[in-house]
Amino acid sequence: MLCRRFYTIFVRTNTYPSIKHHKFTTPFAFLDVKPLNFKPYVPNSLTQKSVSSICSMSGSRRPVSVPIPDVEKADKLELYRALESSLGTPFSSQPFLPNPSPLIIVISGPSGVGKDAVIKRLRQVRQNLHFVVTATSRDMRPGEIDGKDYFFVSKDEFLRMVERNELLEYALVYGDYKGIPKQQIRDYMAQGCDIVLRVDIQGAETLRRILGNSAVFVFLVAESESALVQRLIGRKTETKETLLVRIATAREEVKHVKRFDYVVVNAEGELENSVKLVESIIDAEKAKVQQRRVNI
Ligand SMILES: Nc1ncnc2c1ncn2[C@@H]1O[C@H](COP(=O)(O)OP(=O)(O)OP(=O)(O)O)[C@@H](O)[C@H]1O
């Protein structure tokens with residue numbers, strides 16, 4: 001009876017667009033797995049000690065009487081085995097669904113909003129995450145490590161990488177080239193890692209054109225313009241001229257939020273919450289029925 005009710009509910013509540021097109025021949029049809037010779041056969045009562053089950057014999061199915069012990073008294077394994085033989089095939093330990101696909105997460109937002117801070121913390125708290133190291137033609141600064149902060153290459157070498165189509169996206173920033181190596185993404189995704197890309201708003205727009213909906217785009221924003229300005233001042237890395245440029249640019253950039261999938265407010269003193277929200281976004285993406293498929 002319970003089975004029948006479950007089955008009926010499934011058919012009647014077939015309202016999710018993603019599973020609507022499936023023909024519900026069995027309760028598990030939308031999972032695309034074979035549910036143990038399932039047939040909408042329901043015993044008269046689940047409390048009876050013996051039920052008719054289905055088994056294959058010489059290609060024909062016929063009911064076989066299998067004693068099922070009382071649920072309250074039975075040993076777990078005994079009950080499991082009885083249910084198994086009653087249904088006619090062993091219970092499968094195979095996962096119902098394949099592992100979720102690795103993701104590309106693009107994190108962007110105005111200067112000073114906290115992109116580096118969020119990503120740094122995210123890398124500390126989350127496994128299987130690869131932050132892509134960008135290639136650049138600029139000179140290495142004291143304290144920087146090749147392969148960790150950037151891949152430092154000459155201008156000629158960078159242009160050869162462009163010619164060989166080795167970069168997902170690249171840009172000339174204040175006279176220096178910066179680009180995202182494709183192979184690094186492929187290698188880490190092949191190992192099952194999610195990929196994090198940190199780009200400015202223009203970079204995010206370019207990546208959206210290249211990757212479409214195959215990547216997840218997260219826009220980081222401060223709680224207000226005033227908070228963003230205070231954060232930039234507090235960082236003590238800017239001159240008054242660059243402060244003005246960055247703030248004026250940020251005013252324009254927040255208008256681009258519409259083209260992103262998610263927005264995360266990185267409020268003052270709430271870095272941990274922002275990181276948790278980014279983690280929740282990743283988790284929700286992993287639970288999607290229609291997974292994003294990256295092809296680069
Ligand atoms: N939630 C927060 N609360 C308070 N301070 C924060 C928060 N998030 C980041 N910060 C601080 O704000 C400053 C700017 O952050 P960060 O350098 O990560 O920004 P960014 O977006 O990477 O900037 P840019 O694009 O200019 O490199 C840093 O000093 C950082 O420690």
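Author: A residue counts as buried if 20 or more other C-beta atoms lie within 10 Å of its own, and as exposed if 12 or fewer do. The structure discussed here is a predicted model.

Reader: What makes strand β9 (residues 194–198) largely enclosed by the rest of the structure?

Author: Five of the five residues of β9 are buried, so the strand is largely enclosed by the rest of the structure. Both of its faces are covered, with D194, V196 and R198 buried on one side and I195 and L197 buried on the other. Across the whole protein chain of 296 residues, 23% count as buried.

Reader: Why is P90 called exposed?

Author: P90 has 10 C-beta neighbours inside 10 Å, and because the limit for an exposed residue is 12 or fewer, P90 falls in that class. P90 belongs to the loop between α3 (76–87) and β3 (104–108). From P90 to Y80, ten residues away in sequence, the C-alpha to C-alpha separation is 9.9 Å.

Reader: How do you know which strands β9 pairs with, namely that bridges join β3 to β9 and β4 to β9?

Author: Pairing requires at least two bridges between two strands. Four bridges join β3 to β9 and three join β4 (residues 129–131) to β9, so both pairs meet the requirement of at least two. Each of these pairs runs parallel, β3 with β9 and β4 with β9. Individual positions show the pairing: I104 has I195 as its bridge partner in β9, while F131 stands opposite V196.

Reader: What makes β5 (residues 135–136) and β8 (residues 176–181) a pair?

Author: Two bridges join β5 to β8, and since at least two are required, the strands count as paired. They run antiparallel, and A135 has G179 as its bridge partner in β8. Both strands belong to an open sheet of four strands with mixed pairing, ordered β6-β5-β8-β7. Its edges are β6 (151–152) and β7 (167–173), each with a single partner strand, so one side of each is left without a neighbour in the sheet. Helix α5 (residues 155–163) lies across β5, β7 and β8, at about 40° to β8.

Reader: How many residues surround the ligand, and which are the closest?

Author: The ligand is surrounded by 16 residues, the closest being S111, G114, K115, D116 and A117. By class, the shell has three nonpolar, seven polar and six charged residues. α4 (115–125) and α8 (225–235) each supply at least two residues of this shell.

Conventions. Residues are numbered from 1 along each chain as its sequence is written. This is a predicted model: local features need pLDDT of at least 70, side-chain atom pairs count only at pLDDT 80 or more; totals for chains, interfaces and linings use all residues. A residue is near a molecule or strand if its C-beta atom, placed from the backbone, lies within 6 Å of it. Ala, Val, Leu, Ile, Met, Phe, Trp, Tyr, Cys and Pro count as nonpolar, Asp, Glu, Lys and Arg as charged, and the others, Gly among them, as polar. Two residues are in contact if their C-beta atoms, placed from the backbone, lie within 7 Å. Axes are lines fitted to C-alpha atoms, for helices over the stretch in contact, and angles run from 0 to 180 degrees between N-to-C directions.
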